[in-house]
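The questions below go through one structure in short steps. Each answer ends on the name or value asked for.

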Amino acid sequence: MALSHDQVHPQPGAAPQGALTVLGLESSCDDTAAAVLRRHGDGRIEVLAEAVMGQNSAHAPFGGVVPEIAARAHAERMDGLAAGVLNEAGLSPFDLDGVAATAGPGLIGGVMAALMTAKGIALGANLPLLAVNHLEGHALSPRLTHALAFPYLLLLVSGGHTQLVIVEGVGRMTRLGSTLDDAAGEAFDKTAKVMGLGFPGGPAVERYAQDAEAPDRFPLPMMLARDASCNFSFAGLKTAARRHWDGLDAPNDQDRADLAASMQAAIARHLAQRAGRAMSIFKSRFEALDSPLPLVAAGGVASNTAVREALQAEAQRHGFELIAPPLKYCTDNAAMIALAGAERLALGLTDGLDAAARPRWPLDQDAAAHDPASGSGRKGPKA
Ligand code: KG4
Ligand code: ZN
């Protein structure tokens with residue numbers, strides 16, 4: 001059931017009794033975002049104002065996000081964006097109950113922009129700070145628009161993350177699997193770059209794939225076919241796609257379309273297959289729950305139609321219902337950070353002004369400690 005925040009016209013000034021009003025800030029990758037959210041005493045959520053500024057054109061010439069460019073753009077925009085959403089909501093910082101910011105994981109120069117701005121506002125208006133894990137924001141994001149009870153199974157698939165998580169509550173997440181190498185979105189982006197389709201690659205691959213005449217023309221491997229875990233791997237797919245591309249003599253748009261379709265189908269297949277394993281685990285762990293059980297797909301890649309269809313079919317086979325937040329909450333946004341902050345505030349889980357920005361911050365510390373998918377180095381932030 002969709003809640004009614006889209007129709008809300010906030011009244012400036014006093015908040016209803018028992019409500020918590022929180023400003024949320026996000027700058028961990030290439031979107032600068034701010035939102036004001038109200039959590040009512042009965043748990044109902046209203047987004048009072050929200051804004052996102054992307055940076056695609058700044059990064060496009062490089063075919064990927066350049067951390068220094070991203071950090072500078074966040075630092076330039078964060079203040080104005082925060083002031084803008086407060087203004088739109090008809091509120092001053094003194095009307096807030098807390099300030100939330102992504103404190104990680106992410107590109108550290110970017111993370112600091114939101115966190116430092118939040119600390120400044122918290123200090124100036126004497127408000128509690130909520131240092132939010134970006135992944136927890138994604139994990140809670142379906143609750144912005146759906147009256148979704150815990151527990152649910154989450155597949156988070158974006159440019160930075162690919163993981164399957166059981167979400168049992170705020171701060172209560174169990175990671176079942178994550179990527180051993182690239183994130184799903186990276187596999188789209190890097191293949192698009194090889195074929196010269198531009199950045200971000202996912203939407204371009206999807207567009208080209210629509211014109212495919214022979215979507216099975218380029219065989220791609222089934223990754224981790226004999227691996228019984230819920231982990232993912234995309235590096236082999238990416239390499240295989242590049243080999244096909246390099247083997248073409250003067251490739252044309254039809255070649256692009258066919259390879260885009262093959263790659264998209266292979267990624268969708270892999271995601272659905274691993275999600276299927278996780279659904280079996282979820283089902284056996286929560287035997288008492290009624291069907292259909294909830295499978296939430298969030299992150300930019302979850303907006304891909306072929307991916308959604310593959311997940312939908314797999315969900316049906318396992319007695320699950322696929323729930324996909326609207327696109328604006330699938331991708332990076334600040335409403336999800338404000339929501340995670342408000343839920344934490346309601347539980348008294350506030351942070352000190354010494355809260356650190358963290359490049360790596362696994363959702364499930366225990367799983368991360370015992371899992372090869374979250375070792376040190378470049379794999380860390382994706383885990
Ligand atoms: O969630 P998101 O906006 O940002 C983070 O990475 O956190 O996800 C962006 C990723 C990019 O890799 C982009 O190529 C991919 O999601 N993406 C898509 C589509 N739209 C965005 N991938 C496949 N098909 C799409 N339609
Ligand atoms: Zn994200």
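Q: In which loop is proline 200 found?
A: The peptide bond from phenylalanine 199 to proline 200 is cis, with omega near -5 degrees. Helices (H or I, at least four residues) and strands (E, at least two) are DSSP runs, numbered from the N terminus. Proline 200 is in the loop between H5 and H6.

Q: What kind of model is this, and from which number are residues counted along each chain?
A: This is a predicted model, in which local features need pLDDT of at least 70, side-chain atom pairs count only at pLDDT 80 or more, and totals for chains, interfaces and linings use all residues; side-chain values use heavy atoms, with hydrogens and water left out. Chains are lettered from A and ligands numbered from 1 in the order in which they are written, and residues along each chain, as its sequence is written, are numbered from 1.

Q: Which element gives the largest share of the shell around ligand 1?
A: A residue is near a molecule if one of its heavy atoms lies within 4 Å of it. Of the 18 residues around ligand 1, Gly159, Asp189, Gly202, Glu206 and Asn304 come nearest. The largest share, 4 residues, comes from H6.

Q: How many residues of the shell around ligand 1 are polar?
A: Ala, Val, Leu, Ile, Met, Phe, Trp, Tyr, Cys and Pro count as nonpolar, Asp, Glu, Lys and Arg as charged, and the others, Gly among them, as polar. By these classes the shell has 4 nonpolar and 3 charged residues. The number of polar residues is 11.

Q: What share of the accessible area of ligand 1 does the protein cover?
A: Polar contacts (pairs of N or O atoms within 3.5 Å) include an oxygen atom of ligand 1 at 3.2 Å from a polar backbone atom of glycine 185. Another pair has an oxygen atom of the ligand 3.0 Å from a polar backbone atom of glycine 300, and a polar side-chain atom of serine 303 lies 3.5 Å from a nitrogen atom of the ligand. On its own, ligand 1 has 550 Å² of accessible area (Shrake-Rupley method, 1.4 Å probe).

Q: Which residue in S9 is the bridge partner of leucine 154?
A: Strands of a sheet pair through backbone hydrogen bonds, either parallel or antiparallel. Strand S6 (residues 152–157) and strand S9 (residues 293–298) pair in the parallel sense over 4 bridges. The partner of leucine 154 is valine 296.

Q: Why is one side of S3 and of S5 left without a neighbour in the sheet?
A: An open sheet of 5 strands with mixed pairing has the order S3-S2-S1-S4-S5. Strand S3 (45–53) and strand S5 (129–133) stand at its edges, so one side of each has no neighbour in the sheet: each has a single partner strand.

Q: Which residue in S3 stands opposite threonine 32?
A: Strand S1 (residues 20–26) and strand S2 (residues 32–39) run antiparallel and are joined by 7 bridges. S2 also pairs with S3 in the antiparallel sense, over 8 bridges. In S3, the residue opposite threonine 32 is methionine 53.

Q: What is phi of glycine 43 in the hairpin of S2 and S3?
A: The hairpin has 5 residues between the strands. Glycine 43 takes a positive phi, near 90 degrees.

Q: What is phi of leucine 224?
A: Leucine 224 is in the loop between H6 and helix H7 (235–246). Its phi is positive in a residue other than glycine, near 50 degrees.

Q: What is the radius of gyration of the chain?
A: The secondary structure comes to 12 helices and 10 strands. The globule rule (2.2 Å times the number of residues to the power 0.38, with the radius taken over C-alpha atoms) gives 21 Å for 383 residues. The chain is close to that value, so it is as compact as a globular protein of that length, with a radius of gyration of 21 Å.

Conventions. A polar contact is a pair of N or O atoms within 3.5 Å; within protein, one must be able to donate a hydrogen and the other to accept it, and residues adjacent in sequence count only if both atoms are side-chain atoms. Two strands pair if DSSP finds at least two bridges between them.
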